[in-house]
Amino acid sequence: MLPINETMGQYSELFMLLAAGTYTVAFIAFAWDLAKSSKVLRAVDLKAAELSGATSRQTTRVPVAASVGATGAVDRAESDVAGPVGRAERPSSSLSGSSKERGAGVGGTADGGMRYDAERRVPARVAVALTVLGAAIHAAGVITRAMGAGRVPWGNMYEFLTTGAFVAVAVFLLVLIRRDLRFLGTFVIGLAVIMLVAAAVAYWTPVGHLVPALQSYWLIIHVSIAVISSALFTLTFALSALQLVQAHRQKTVAAGGVDKLGFMRLVPSALSLENLSYRINAIAFVGWTFTLMFGAIWAEKAWGRFWGWDTKEVWTFVIWVVYAGYLHARATRGWTGTRAAWLSIVGYLCVVFNFTIVNQFFNGLHSYSGL
Amino acid sequence: MSERVNVEKKSPAPGTAPGTPGTAHPAGQPAADEKPVADGTRIAAAKAEAVLPALGPMGMLRWAWTQLTSMRTALFLLLMLAVAAVPGSLFPQRPANPSTVTQYIKDHPDYGKLLDTLQLYDVYSSAWFSAIYILLFISLIGCVVPRAIAHYKAMRSQPPRTPARLSRLPEYGTLVIPADAGIPASQAITEAAGALKKRGYRVDVRDRDGARPSLGAERGFLREVGNLVFHTSLIGVLVSVAVGGLFGYSGQRILVEGDTFVNTLVGYDQFTPGTNFQSSQLQPYSVQLDKFQITFDRESQGKFGQPIDFKADVTTKESPDAPARKEVLKVNDPLTLGGTSMYLTGNGYAPIVTIRDGAGNVAMQGPVVAKLQGDNYYSSVVIKVPDAKPEQLAFAGFFLPTAFVTEEGVSFSGDPELINPQLTLNSYFGDLGLDDGAPQNVFELDVEKLTPLNARNLDAGGITLAPGASYTLPDGKGSISFDGVKRYVGVDIHHNPGQLYALIFALLAVAGLVTSLYVNRRRVWVRTGTHEDGRTMVEYGLLARGEDHRLAGEAARIRGVLSEEWDLREADPGPAAGTGSGTDSQSAPSGMADNDRADADEPGANIEQVAQDHPATDFIPSSAGSPESKKDS
Ligand code: HEM
């Protein structure tokens, strides 16, 4: 057991504070990006509508699939909302052909491929740069915490929150390399800030040793996979929530309603969101399956039974079943689209609930010192 | 799953759908709101949704079975299972802590009993929870079996017929081999077949020497196999758990330093056999606790005095005459012996006392296990001395490893280590009631029928002892001396024969899951033909079954392989080569994908949609007269 280094622990707290501050600024930049881009897009739309000689009534609304007539492409915007039919469009395949014409400039939603396009969004760039900076400071915080405690930095609520927030931001940044998910920035960074603040305010714990029940290499394996899966579930939660909003908006606009959610134009179509969130959920589900299994193996080692329907185990199981339901829903007629998105959201709410229960659970483990 | 099976049985195989009259819909049919249904699926859908048909008992059964094994029911049961599991985390559960349940019922006289009748304290063995998972697993079997059969057949049959219009497939591309390359259509198709075989496809070449030779290729059968393995393994896990419950056993024992546990029924303080347990299952190994050490945290402020390491040195013997072995038992590091595992689950102090009775004889001598009550090993002590004569004696009180007394006279333990050990006791005499055979809790003393000798409110006062001290009881009832302190550990012993199998099935399940999620089932068709000017025209199309976001990548790779094969230099070898530019090549917008899933009912609709984007003329001139193209018109 490595000795405790209080100084390192204090450095760590300082880093966490700095990271939270940097994230807050990044959050503002992301929000600014949403506001500004939505304004720009609206202006572009209006111009396009004017050019095409639209009537004044139409200019007040946003033409959803302005490209339809021009290119002869099928109006997919509608089928996106409708569900199964549109599901035929796969994210990667959609790179080719018609989806390009539904790019941010003309259509009601952003490019379904979620690739970066040539257009520069300065606030978004600033926001990402700040996020990278924040993540670097945050990483320093996590590492110094580990050095201070002389072990992996995930042994109590404070550490789950700080390390978990870091993993969520890191996963987000990693995905950003491949896909333009900057529209999720406010959400992910906002959540990271909340987690860091909650850690500092409600769950603050000085660096310390682990209780014997947690001293196992399974802590490293089991919890790290759980944290990574939860970070992925966080992303899919955001995607599914946006999917619901976008589906609603697309439907409203398609039905000739007023588009009140202009910023959603920065976000891809509901279908693209669903597809991406499915892919991430599939990975996260495998991760969660491992979490469950390794948890069971560890429980067997620590308590002599691999499954005992302990509160923590119950909720881990519930989450697993809900996401299994989600995967099934995606293959069940009438359950794709909005309903599947709700399942993904419910699953995440269970994750959050499970996490807050952890607190109690770990108190329970202290009874190890006695009979 | 049955829905999918139905689709496969009743409607043309998805791959062949594009060219099949059965699925053709009038062009431009509005897809979104009308939801046209392919003939086969319409039957399946009708079956699934139909009201109770007026059939005989057999018909009813069949109807019930179809309902039960439908994907919708599976989903519903899964969600039910999730919901049904929740109450088990809200209410105390009997198997885990029966005493908490009893207390809970007492504390909630209004609804405590009601919850019990609803089996809410035994959620995971309750009738309703069992009903859900049993139905789920029956549904699962009903899904897996027909699906396995269907898949077995699919694996043995040839890839589906080449569709007439490859350009309607979600991924489509063309290549042109110059006339001077000297590769005729038949050679091109053979070479394409070779290239696809190398990529792991199962290939079937059709009409090799005709004017428009083509090939159908398929790969990724493992996807479905993975899915089947996954679901079957879940059944395996369930069965293993049940087996563990039937043949396993578990028990507890407290061992004071120096004690030896022998694995026989009498060796246990508490024993819980499985339904089919036989005592001959127990292998009489032995475990002696030599020494137990605890390390306390002396570094961090917040957790000062918390135990951070437990270590039990033990001597084990596999059987009575096996050689002795020194081993270490720790938390998270159980001993395995004779098919069982032994876990360190608790510990505490056991003060050693000697008690003499009124006649001056030693009525009891040895360590007394003190039960943990509060911080810093503040523990309760109960000593029953049935052998004391003429009257039986009893003591009840507390043991404190580091005794402190507040100004109000409340004593507490200031540290977990033995810095100032103290035993404070009340004493009683009378009939302990042990002789009538009713079992008693060794940690509790019923003082109702006993006469107090020592207590703080009596003249004689309470007994306070430091190690080495002794005290003479009033009225010549005897004496007690506190000789020293030992540590004890609580161990759990478990035997679960299902465990290993559960692990194996769980691993299989994960392997199946990963396979089914990440192996892609794909079909490729290639057709070649010779242009009037002597060039060899090649077109290819890809179709995925199930979610496949990498189909475009696969199309690009196949294009690359073929180009290399024929030494074609691409004008614009972009990353998504499926979209290659120029007159040499074109690509279909992805408009259609797997049509055997949830969206199975709209294959026709998609095809028509996409078809609008494409010129009606074939890329490879059909002047040669292909039977397929005739079918299409
Ligand atoms: C014990 C309960 C069950 C669990 C935990 C479960 C879990 C899963 C999971 C996680 C998947 C996605 C991974 C994969 O494709 O292999 C899946 C897929 C599937 N399950 Fe289940 N399942 C259960 C019961 C059933 C039942 C009863 C049916 C039949 C009605 C069924 C039919 C299917 C089908 C058809 C798929 C493939 C969907 C696709 O192609 O994406 N499952 N299941």
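**Iron site and salt bridges in a predicted model**

User: Why is B:Glu218 called buried?

Analyst: In this predicted model, B:Glu218 has a relative accessible area of 2%, and because buried means under 20%, B:Glu218 counts as buried.

User: What makes the contact of B:Arg523 and B:Glu218 a salt bridge?

Analyst: Their side chains meet at 2.8 Å, N to O, and a salt bridge requires a side-chain nitrogen of Lys or Arg within 4 Å of a carboxyl oxygen of Asp or Glu, so the pair qualifies. B:Arg523 lies in strand S23 (residues 521-530) and B:Glu218 in strand S3 of chain B, so the pair ties together parts that are 305 residues apart in sequence. B:Arg523 is itself buried, at 5% relative accessibility.

User: Why is B:Arg202 called partly exposed?

Analyst: B:Arg202 has a relative accessible area of 27%, and since partly exposed is the range between the buried limit of 20% and the exposed limit of 50%, B:Arg202 falls into that class.

User: What makes A:His328 and B:His231 donors of the iron atom of the ligand?

Analyst: The NE2 atoms of A:His328 and B:His231 lie 1.9 Å from the iron atom, and donors are N, O and S atoms within 2.8 Å of the metal, so both qualify. A:His328 lies in helix H10 of chain A and B:His231 in helix H11 of chain B, so the pair joins two chains. The ligand itself lies between chains A and B.

User: Why is the site of the iron atom of the ligand called octahedral?

Analyst: The site has 6 donor atoms, with angles of 75 to 178° among them. Six donors count as octahedral if opposite donors are over 155 degrees apart and all others between 65 and 115, and the site is therefore classed as octahedral. For comparison, the ideal angles for six octahedral donors are 90 or 180 degrees.

User: Are A:His328 and B:His231 buried or exposed?

Analyst: A:His328 has a relative accessible area of 18% and B:His231 one of 8%; because buried means under 20%, both count as buried.

Technical notes
Residues are numbered from 1 along each chain as its sequence is written. Chains are lettered from A and ligands numbered from 1 in the order in which they are written. This is a predicted model: local features need pLDDT of at least 70, side-chain atom pairs count only at pLDDT 80 or more; totals for chains, interfaces and linings use all residues. Side-chain values use heavy atoms; hydrogens and water are left out. A residue is near a molecule or strand if one of its heavy atoms lies within 4 Å of it. Donors are N, O and S atoms within 2.8 Å of the metal (3.2 Å for Na, K and Ca); water is not among the atoms, so sites may look incomplete. Four donors count as tetrahedral if all angles lie between 85 and 135 degrees; four count as square planar and six as octahedral if opposite donors are over 155 degrees apart and all others between 65 and 115; anything else is irregular. Helices (H or I, at least four residues) and strands (E, at least two) are DSSP runs, numbered from the N terminus. Buried means under 20% relative accessible area, exposed over 50%, partly exposed in between (1.4 Å probe, protein chains only).
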